[in-house]
Amino acid sequence: MIRIAIVGTGNISHAHVQAYLTFPERCEIVALVDIVPEKAQRMKEKYGLNADVYDDHQQLLSRGDIDLVDVCTPPYVHASISINCLRSGKNVVCEKPMAASLEECDAMLRARDESGMKLSIIAQNRFRQPIANLKALLDSGIAGPVRSAQVDSFWWRGHCYYDLWWRGTWEKEGGGCTLNHAVHHIDMLCWMMGLPQRVTSVLANVAHDNAEVEDLSASILQYPGALAQLTASVVHHAEEQQLIFQCEKAKIAAPFSVYASSSKGNGFPERNEVLEQEIADFAAQLPRVRWDGHTGQLENVLTALETGTPVAIGGEDGRRTIELITAIYKAGTEGASVALPLRRDDPFYTVEGIMARVPHFYEKTVSAQELDGSITLGSSYTK
C-alpha cells in the first residue's frame, strides 16, 4: 500500500485525490497540508479521508510512513517543497509548471539524484488518447517529416481570475498564460518535436489590468527544416485548443483530423484520400489509453513505485518545458530572438534574473484568499 501526502488543497488537488481514490487497493491518502488548514479539513471531510491535517509541509518530513508527496501548491514553492521532500526520502509528484526557473529545476533534479527518489512532473495530456495517437503518428513517419506546426493554447479567464492572492504576480505565479496555461501545450510540443533552435516572441496584457503578467503571447519557433507558431492566451472565447502538424505528405492534428495532398503536374494540390485512409487506419489500431488524464499519469507513478521502473514523465521533461517557456519570456522581454539551449550564466536562468527584467504590465490590485466556483482543465481533444 502506497501512502500519500498531498501538499496544497486548492482546485487542482481534487483531480489528484479523485485519481488516487480510483485505486483504493493500491494507495491511501494519509496526510493533507495547506497553509489554510481549514481547506485541508474540508477536503478530508468531502472525500471521507483518514488523513492527518497539517499547515506546513515541514511537518511531513520526519514521518517515515509516507511514500509519496504530491505537490499541488502555487508554482513559487514547487521547488522548495519538492526538494525538502526528496531529501527526506520521499518520492514526489509535482504539478505543472515544474518550477519558476531553470535554476530551481536543476536543484530539483540534483535532489532527486542525490536521494535516489522518484520525481514526476504533471503533464496529464500525454495520457489522453488523441494526444497519444498524435505522438505515435508523428513518430511513425507515415505523414512524413513535420514542415509546420500550429499550437493553439486558447483559454478564457475573466477579470476576477487574477484576484486570487497568488495569481497575477511574477513573484508567486511565476508568469502568466505562457507558463500556467500553455505549459500543457508546450509540453506536448516538446514531447513531439523537442526544443527548437531559436524563439521569437511578443508578450502582452490586453484584458486583465489587475495582473502584472501577460494574458497573451505569440511565438515563432525555429526547428531544423520547420517552423512552429505558438499562441498562449486567456482571452480566447470557446477555448478551442489544438495542435496541428503540417507534414510533408499530410496534415495530422488533435482533435483528430487528417488531410493529405499530392501534387498535380502544375504543382497545385490534389487530395490523396488513399493516404488519409491509411493514416486513419493506423491511428485506429494504436494501443488504447487505459486511464485518462491525471488518473493515467498518477497510475503510472503508482506502478513505477510498485515495480521500481522509471516514471513516464520525469524531471527532465518538466525542465525542458520550462526552458522553452523561459526562452519565450526572454525573447518577449528583450525584443530579440533567443537561441536554445539557454546557458547557466544567462540572466533568465534564475528567478532573480527573471524578476529584474520581465515587464509589469499592470499592478495587482486585489488579493482574495479564495474564489468560488468550479474549474475546467482544458480540452479532451476528442472534438
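The chain has 383 residues, and a compact globule of that length would have a radius of gyration near 21 Å; the chain has 21 Å, which agrees. The radius is taken over C-alpha atoms, and the globule rule is 2.2 Å times the number of residues to the power 0.38.

This is a predicted model: local features need pLDDT of at least 70, side-chain atom pairs count only at pLDDT 80 or more, and totals for chains, interfaces and linings use all residues. Residues are numbered from 1 along each chain as its sequence is written, and side-chain values use heavy atoms, with hydrogens and water left out.

**The whole chain**

The chain holds 11 helices and 15 strands. These are DSSP runs, numbered from the N terminus (helices: H or I, at least four residues; strands: E, at least two).

| Property of the chain | Value |
|---|---|
| Box of the C-alpha atoms along the principal axes | roughly 75 × 50 × 40 Å |
| Share of buried residues | 55% of 383 residues |
| Share of contacts with a separation of 6 or more that join residues 24 or more positions apart | 72% |

Buried means under 20% relative accessible area, exposed over 50%, and partly exposed in between (1.4 Å probe, protein chains only). Contact means heavy atoms within 4.5 Å.

His-57 sits in the loop between strand 3 (52-54) and strand 4 (68-71). Its relative accessibility is 11%, so His-57 counts as buried. Leaving out residues up to four places away in sequence, His-57 touches Val-7, Val-33, Ser-80, Ile-81, Asn-84 and Cys-85.
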